[in-house]
Amino acid sequence: MKKIIVLLLGALAIFGLTSCKEEEKVIKIVTPGGAPLMTQVGIYDRSQNEEFTIAGYKVSLTTVGGPDQIKAAFGSKDYDLIISPVNIGAAMYRSKQEYLYAANITSGNIFLASTSKLESYADLKDKKIVIFGKGTINETALKLVLENKGINQELDYLASAKDTNAKLIADKDPDTVYLVAEPALTAAKAKLKQAGKMVYILDIVSEYEKLKGIDFVQAGIFAKKEIALDFLNEYLALVEADINSYNSNSENLTRILDKYLKEDGTSLLGFPPSKIVSKALKGCNLNFIKGKAAKKSLEVIVGGDQLGEEFYL
């Protein structure tokens, strides 16, 4: 009888260990690259430590490309947190009400750039304008600014900021103007400077803010309704602290990025060299605003007043 009891207890212990392992709690996060990913590198760095958890949860971070992949992430419901342009997140909420707005993390990192003279918006007339982010807040903001400046030509589209940046660097059509984003813009300026070329830029975000009288909100964190609030609160506190740390001293960011380099010295996370990131950081406009505190800006940009109080965490 004693032998049977011992064997039974042993079996229960093995089952218990197996169950705990199988039930390991993981929060899945998806983000575009560039400035939104920049806000998550501290979380990524911590997650490389197997012992690291947030409120008992492991963290898994995935990066994706353009807006279509972000929309697909909302549709799949595979992720607990989605970092997304605010207008896409708002549109998905209107459709299915499955993800809520937790915080803003970037406040505009987009610029028009060209190797031909571009000192005012009047210089855009008769030039070809190529942009990324069709259907995102970037397109909305740009169209409003161009309309206000009396610029009416049609826009051409590429899939991502990476594509417009590559076209700018190639400089095969100097009379074309590209919508580009930091930190890639600073990297492009450095490469073109080496070739003896100057890059002219127009700041879309500051012009939009003048027109609308609000702070621009660009990318936000959208949380699945069922997410554990103890995790979310601790996670948001870490992200806010990281953003404040990077803005106060760029070395706090580049020190992490330098830990994740390939053998050839390029970034595993897709960022330019650290000296470029340091120069670009101000233009990235990393800016943490807790959900409801961004409501005024969202009401102007995406009709946030129509979303209801339930939209904001």
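These are my notebook entries on a predicted model.

**Ground rules.** I number residues from 1 along each chain as its sequence is written, and I use heavy atoms for side-chain values, with hydrogens and water left out. Because the model is predicted, local features need pLDDT of at least 70 and side-chain atom pairs count only at pLDDT 80 or more, while totals for chains, interfaces and linings use all residues.

**Entry 1: the sheet.** I looked up the strand order first. Five strands form an open sheet, E7-E6-E8-E5-E9, with mixed pairing. I took helices (H or I, at least four residues) and strands (E, at least two) as DSSP runs, numbered from the N terminus. Two strands pair if DSSP finds at least two bridges between them. E7 and E9 (200-203) are the edge strands, each pairing on one side only. Neighbouring strands of this sheet are turned by 30 degrees against each other on average, direction ignored.

**Entry 2: strand E6.** Is E6 buried or exposed? I find that 4 of the 5 residues of E6 (residues 128-132) are buried, so the strand is largely enclosed by the rest of the structure. Here buried means under 20% relative accessible area, exposed over 50%, and partly exposed in between (1.4 Å probe, protein chains only).

I then checked the partners of E6. E6 runs parallel to E8 (residues 176-181), joined by 3 bridges. Lys-128 stands opposite Thr-176 in E8. With E7 (residues 155-158), E6 pairs in the parallel sense over 4 bridges. Ile-131 stands opposite Tyr-157 in E7. E6, helix H6 (residues 137-148) and E7 make a right-handed β-α-β unit. A crossover is right-handed if, with the strands pointing away from the viewer, the path from the first strand over the helix to the second runs clockwise.

**Entry 3: E5, E8 and the helices across them.** E5 (residues 110-114) and E8 run antiparallel, with 4 bridges. Tyr-178 in E8 is the bridge partner of Ala-113. Helix H8 (residues 184-194) lies across E5, E8 and E9, at about 130 degrees to E8. Helix H9 (residues 204-212) also lies across E5, E8 and E9, at about 30 degrees to E9. Contact means heavy atoms within 4.5 Å. Axes are lines fitted to C-alpha atoms, for helices over the stretch in contact, and angles run from 0 to 180 degrees between N-to-C directions.

**Entry 4: aromatic pairs.** I searched the whole structure and found 12 aromatic pairs. Rings of Phe, Tyr and Trp (its six-membered ring) pair if their centres lie within 6.5 Å; planes under 30 degrees apart count as stacked, over 60 as edge-to-face and the rest as tilted. The rings of Tyr-101 and Phe-222 have centres 5.4 Å apart and planes at 55 degrees, so this pair is tilted. Tyr-101 lies in E4 (residues 99-106) and Phe-222 in E10 (residues 219-224), so the pair ties together parts 121 residues apart in sequence. Both Tyr-101 and Phe-222 are buried.

Phe-231 and Tyr-235 are stacked, 5.7 Å centre to centre with 10 degrees between the planes. Both lie in helix H10 (residues 229-248), 4 residues apart, about one turn of the helix. Phe-231 and Tyr-235 are buried.

**Entry 5: lysines.** Lys-25 lies over the face of Tyr-57, 4.4 Å from the ring centre. The charged end of Lys-28 sits over the ring of Tyr-79, 5.4 Å from its centre. The test is NZ of Lys or CZ of Arg within 6 Å of the ring centre and within 35 degrees of the ring normal. Lys-296, in helix H13 (residues 295-302), is exposed, with a relative accessible area of 60%.
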